[in-house]
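Colleague: Before I set anything up with these coordinates, could we go through a few local and packing details together?

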Amino acid sequence: MDLMQHLIFFPVLLPLLAGILLLLPPLNGHLDRQRVAVFLINVLLLLTAVALLQKSIAAGPQMYMMGDWQAPFGIALINDRLASVMLLLTALLSLAAHTYACAGDDGRGPFFHPLFMFQVMGINGAFLTGDIFNLFVFFEILLIASYSLLIHGGGKQRTQAAVHYVLLNLAGSSFFLFGLGVLYAAFGTLNMADMAHKAAQLDADDIALAKSGALLLLVVFGLKAALLPLHFWLPRTYAFTSTPVAALFAIMTKVGIYSIWRVHTAIFGDYGGELAGLAVGWLWPLAWLTLVAGVVAVLASQTLKMLTANLVVVSAGTLLLTLALNDVQATAAGLYYLIHSTLLSAALFMIAGLIQEQRGQSQDRFVRGRPVVQPVLLGIFFMVAALGLIGMPPFSGFVGKILILQASSAAVDAAWIWAPLLISGLAAMVMLSRAGSTLFWRAQGQPAQSDGAEPLKIVAVLLLLGASPLMVVFGGPLSELTLAAAEELHRAPVAVAEVMP
Amino acid sequence: METLYAICVGAMTTGGVFLVLRGYTFAVVLGLTLLSYAVNLFLFASGRLVVNGAVILGESDNYADPLPQALVLTAIVIGFAMTAFALILALRARSDLGNDQVDGKTQIYDELPNKARNARQAGDD
């Protein structure tokens, strides 16, 4: 037995074991030991993700059957380029968010580290799973961890945001199960590869069932991905939670996007026969409106954290538009933009956290207040993150937007995409320059007596911000990788027996 | 049997959705519980209803689909945990925010309990 063969399961297994061990005596109750343990696990996860990425580039998609039950009956994990890119992104983000939390935020409430590990486990599992029911299970794992992480540290606003978030997601889970039931009744299987293969050959009677099931799932994934009528929970939830948690949550909307890729692009995609392109008709107007609503909300933001949360909605709208385009180029551009926007929104949440700590009572509100203690350092951080998120050269946002514009230029309604995309960039520029000039220049009084930001927090921000120029420098290989991942996703489905090793 | 079963699931879903749309956290939690009961029954039916059928080979002439039963079991466990969490969160919101409104506002938007309260007061007078 070769360890490399079982490597696929490690991104789920490692955080699960770590989460359990963190609750047991030698580690339980000792913050220092927990920090070191989780840091080590995060490094291991990063290495695993790199190894998996190499493997998926070299050998193509691999399916791993838990307990060696044969597909389509057993529990399948699938590692292809798309999944391993997402795993790598999660590992990087969780490493940075955890490093930031270690500077003191983790001690504000109990069980931060175990919950963090369970959250990472759920996210990794959702990216790896090869059947829809386990997608549901991993969704629930990441959700229940996120419910508790969300109220970490306590406070009125957090509880209020958590009530909305939890109740909405519980209702979403019920809908998910309804959708699953309908799909199982129509397909007789829940294995994604098997469903994709069977989609074109469904009986005429089952087509309507399958359609309603698929659209129910679109509602659920739309709730996670912040699709328009379902996005109202997001800004408050992200803005009111603690900084490292908000940074980690930057990947959560992307789990929704990823699930839409896996279900509506791969299963009900171009080869779905009568079911082909089922979601596109709905995604078009809703994604467009999400983007517009995000832009309006960005312009109305009152604090830097709220602004960042609304920028997350804008990036979700942009990604949903690339999903609505539904071709290989658009998916590849979307994947590039997804990596960029996850890392930079997380970075901006952290920067907002640092500014909030240094401005005394005015926190991160856009009002005249005390100057920050480290104007130069935070100013440079803010500038880099802002330029990246606006989409200005020389940072990754520019490349991401160019790729999306290029992919959409062939589409019939290019103007419908170009206009809101460019306007969203303009709105982000207006608000971020207003935010920056208010927070850094419109100051009065003396800076608070403090030593400035903890080194660990600065390291965390640097880790995320550093990725942005790197994504430009290695833009060639990276966009080739995203293109290859998108091609795998859009490929004609084959019978599940042929995917098996 | 299918009709009766479908009516049961439908009625529970209707009740669940009605309660979920209410303004009080307790009603919403009850609604979510009803929804999860409905969804469990629904999942069970997704493998087609079979009377007197075993899931183990060689036990009977007609077989039931074992997969939905496994799915329901998982869904029950998860739904149970989630309901418990939602209840605890509702209690915490009650103490943190000082009221049991979903929005956390003191003004009461939910009309039905108000009507009942007014009727009771009118009866007292």
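Colleague: Is A:Phe111 buried, exposed or partly exposed?

Modeller: In this predicted model, A:Phe111 lies in the loop between helix 3 (81-101) and helix 4 (112-128) of chain A, and its phi, near 60°, is positive although the residue is not glycine. A count of 20 or more would be needed for a buried residue, and 12 or fewer for an exposed one. The count for A:Phe111 is 18 other C-beta atoms within 10 Å, so the residue is partly exposed.

Colleague: And how does A:Asn326 count, as buried or exposed?

Modeller: A:Asn326, in the loop between helix 13 (304-325) and helix 14 of chain A, also has a positive phi, about 55°, without being a glycine. The cut-off for burial is 20 or more other C-beta atoms within 10 Å. Because A:Asn326 has 20 C-beta neighbours inside 10 Å, this residue counts as buried.

Colleague: How are helix 15 of chain A and helix 17 of chain A oriented to each other?

Modeller: Helix 15 (residues 375-390) and helix 17 (residues 414-440) of chain A have axes 9 Å apart and pack at an angle of about 170°. Helix 15 contributes residues including A:Phe382 and A:Leu389, and helix 17 contributes, among them, A:Met429 and A:Leu432, while the contact as a whole divides into 9 nonpolar, 3 polar and no charged residues. Angles over 145 degrees fall in one class, and the two helices are therefore roughly antiparallel.

Colleague: Turning to the two chains, which element gives the largest share of the side of chain B that touches chain A?

Modeller: The contact takes 21 residues from chain A and 26 residues from chain B, where helix 2 (25-45) and helix 3 (66-97) are the elements giving two or more. The chain B side divides into 19 nonpolar, 5 polar and 2 charged residues. Its largest share, 14 residues, comes from helix 3 of chain B.

Methods. Residues numbered from 1 in each chain as written. Chains lettered and ligands numbered in written order. Predicted model: local features only at pLDDT ≥ 70, side-chain atom pairs only at ≥ 80, totals over all residues. Contact = placed C-beta atoms within 7 Å. Helix = DSSP H or I, 4+ residues; strand = E, 2+ residues; numbered from the N terminus. Nonpolar A, V, L, I, M, F, W, Y, C, P; charged D, E, K, R; others polar. Axes fitted to C-alpha atoms, helices over the stretch in contact; angles between N-to-C directions. Parallel < 35°, antiparallel > 145°, perpendicular 65-115°, else oblique.
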